[in-house]
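The sequence and structure are shown first.

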Amino acid sequence: MVKNKRIVRYPEPKPEQINPLDGIVLEEGAGAPSSSSARAASSLHLAYENTAYGIWLYNDNCLTVLDAIAARYPEGRFDMIFADPPYFLSNGGITCHAGKMVKVDKGEWDKSRGWEWNHEFNTAWLERCQRVLKPNGTIWVTGTHHVIFSVGFAMQQLGYKILNDIAWEKPNPPPNLSCRYFTHSTETVLWAAKTGKSKHVFNYRLMRETNGGKQMKTVWRMAAPGNAEKVHGKHPTQKPIALVARCILASTGEGDLVLDPFLGGGTTLIACIRLNRRFVGIELERHHLSLTFTRADAELVATVLRSLRVTMEISIFFQNDLDPPGRSMDRIGWMKDDGPKTDCIFHETKFVFLSCAVVSSASVVHTTVDVSITEAWANAPEGKKRETTHIVRCKTEIFKIKEHQ
Ligand SMILES: C[S@@+](CC[C@H](N)C(=O)[O-])C[C@H]1O[C@@H](n2cnc3c(N)ncnc32)[C@H](O)[C@@H]1O
């Protein structure tokens, strides 16, 4: 597909980051590796798998893992890829963090080795991503001006079809300390199909519905991840769940297989769990994967709890519906008579502001404890209101038992 392609050099995986005894692409009940591609894949380090939810995480160099997957699935494997690659920003510059001037140092992986090397690296991983995409699959790639032009050019060289360039606008960007530039307040997200012939998926109606019935534009105003997304720790370049979730909702269906070759703290995985998509993630650094494990565990527990709550509500609904019309029975009174005598010792009404197309895939924008929905709305910051699509009222009452019946 690439004309006059040069030999691409890319960083080799470090031996200590690969467990040679562990891991193959474990889908569809793969047993002992028999083919040569499976043997190549058998040297990869599969760090986490959950076949029930369709999750496979590799602690490895994405170039190596993608080569193994491409060898095993020459027709392509993934419906969608979300890639948040190194932006090559960590070269001694300064930025403002929590009101203080700090050096930009996100890690070794983020250091630039010159634009030529950076472009070769971008070409190397984008070429592999193209091979592992299904014929109609699409890829989303984030970046700032430090990297996004190289990504776009590499896509054109490789024969991808660029579908959109989204401007992700951050409402509260850090100020520009040098006062010699405009305040950087956007990142670009390129959306591209595998080739010019791809019949890509675009869930147009869902996006229009999410946007209050109007066609969605290419400027997406969304806050950077707040504290709620960092309770288990944070990655230095963590993306908001809402941003990744929108890309997934726009271009995939439930049960589709999504890949993130630069997993970081696992944001794409969390979005996939919420949206019921299967997922393969690859991350070079063990400590970033540890954060992903913790976030994934918490998310899976929350998913189970959510499903329990739905089951309970359904069973109560059926109980009320049992009586024939006009002959309903006062079950509440009957339950009251049988219950213990209690004092209500705690009462709280919490309002949870959500951003979502469908409630089962919501991400929390803001929470507050208030007496009424009117007050909760009046007290919410303007930026949060703009992102909100649904509000959940959660009432908590704690009863102390005075005496048993
Ligand atoms: C920009 S961050 C991704 C952040 C992620 N989107 C999140 O929300 O947490 C890029 C990640 O890619 C990892 N990385 C860099 N080079 C890699 C490579 N060749 N293979 C796999 N992972 C790599 C880095 O360790 C880093 O965690």
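## Helix packing and ligand shell

Helix 2 is largely enclosed by the rest of the structure, because 8 of its 11 residues are buried. The model is a predicted one. The buried residues of helix 2 are Cys62, Leu63, Thr64, Val65, Leu66, Ala68, Ile69 and Arg72. Helix 2 spans residues 62–72 and, like strand 11 (278–283), supplies at least two residues of the shell around the ligand.

The chain as a whole has 405 residues, of which 33% are buried. Its secondary structure comes to 11 helices and 14 strands. Counting contacts between residues at least 6 apart in sequence, 67% join residues at least 24 apart.

Two packed helices are described by the angle between their axes and the distance between the axes.

| Pair | Angle | Axis distance |
|---|---|---|
| Helix 2 and helix 3 | roughly 25° | within 9 Å |
| Helix 3 and helix 4 | about 50° | 9 Å |
| Helix 6 and helix 7 | about 55° | 9 Å |

The axes of helix 2 and helix 3 (residues 115–132) cross at roughly 25°. Angles under 35 degrees count as roughly parallel, and helix 2 is therefore roughly parallel to helix 3. Their crossing is left-handed. On the helix 2 side the contact involves Cys62, Leu63, Leu66, Asp67, Ile69 and Ala70, and on the helix 3 side Ala124, Trp125, Arg128, Cys129, Arg131 and Val132. By class, the residues of this contact are 9 nonpolar, no polar and 3 charged. Among the helix 2 residues that meet helix 3 are Cys62, Leu63, Leu66 and Ile69, and these four are also buried.

Helix 3 also packs against helix 4 (residues 148–158), at an angle of about 50°. The two are therefore oblique to each other, and helix 3 passes helix 4 in a right-handed crossing. Helix 3 contributes Asn118, His119, Asn122, Thr123, Leu126, Glu127 and Gln130 to this contact, while helix 4 contributes Ser150, Val151, Ala154, Met155, Gln157 and Leu158. Here the residues divide into 5 nonpolar, 7 polar and 1 charged.

Helix 6 (residues 241–251) and helix 7 pack at about 55°. This pair is therefore oblique as well, and the crossing is right-handed. Ile241, Val244, Ala245, Ile248 and Leu249 of helix 6 meet Thr267, Thr268, Ile270, Ala271, Cys272, Arg274 and Leu275 of helix 7. The contact between helix 6 and helix 7 is made up of 9 nonpolar, 2 polar and 1 charged residues. An α-helix has 3.6 residues a turn, so residues three or four places apart point the same way. In helix 6, the residues meeting helix 7 include Ile241, Val244 and Ile248.

How many residues of helix 6 are buried? The count is 11 of the 11, so helix 6 is largely enclosed by the rest of the structure. Arg246 is one of these buried residues, as are Cys247 and Ser251. Helix 7 (residues 267–275) is also largely enclosed, because 9 of its 9 residues are buried. The buried residues of helix 7 include Thr267, Leu269, Ile273 and Arg274. Just after helix 7, Asn276 takes a positive phi of about 60°.

### Around the ligand

Which residues come nearest to the ligand? Of the 19 residues around it, these are Asp84, Phe262, Gly264, Gly265 and Thr267. By class, the shell around the ligand holds 7 nonpolar, 8 polar and 4 charged residues.

### A glycine in a loop

Gly196 lies in the loop between strand 8 (186–193) and helix 5 (204–210). Gly159 is 37 residues from Gly196 along the chain, and their C-alpha atoms are separated by 7.1 Å.

How values were computed
Residues are numbered from 1 along each chain as its sequence is written. This is a predicted model: local features need pLDDT of at least 70, side-chain atom pairs count only at pLDDT 80 or more; totals for chains, interfaces and linings use all residues. A residue is near a molecule or strand if its C-beta atom, placed from the backbone, lies within 6 Å of it. Ala, Val, Leu, Ile, Met, Phe, Trp, Tyr, Cys and Pro count as nonpolar, Asp, Glu, Lys and Arg as charged, and the others, Gly among them, as polar. A residue is buried if 20 or more other C-beta atoms lie within 10 Å of its own, exposed if 12 or fewer, and partly exposed in between; C-beta atoms are placed from the backbone. Axes are lines fitted to C-alpha atoms, for helices over the stretch in contact, and angles run from 0 to 180 degrees between N-to-C directions. Angles under 35 degrees count as roughly parallel, over 145 as roughly antiparallel, 65 to 115 as roughly perpendicular and the rest as oblique. A crossing is left-handed if the near helix is turned anticlockwise from the far one by less than a right angle, and right-handed if clockwise. Two residues are in contact if their C-beta atoms, placed from the backbone, lie within 7 Å.
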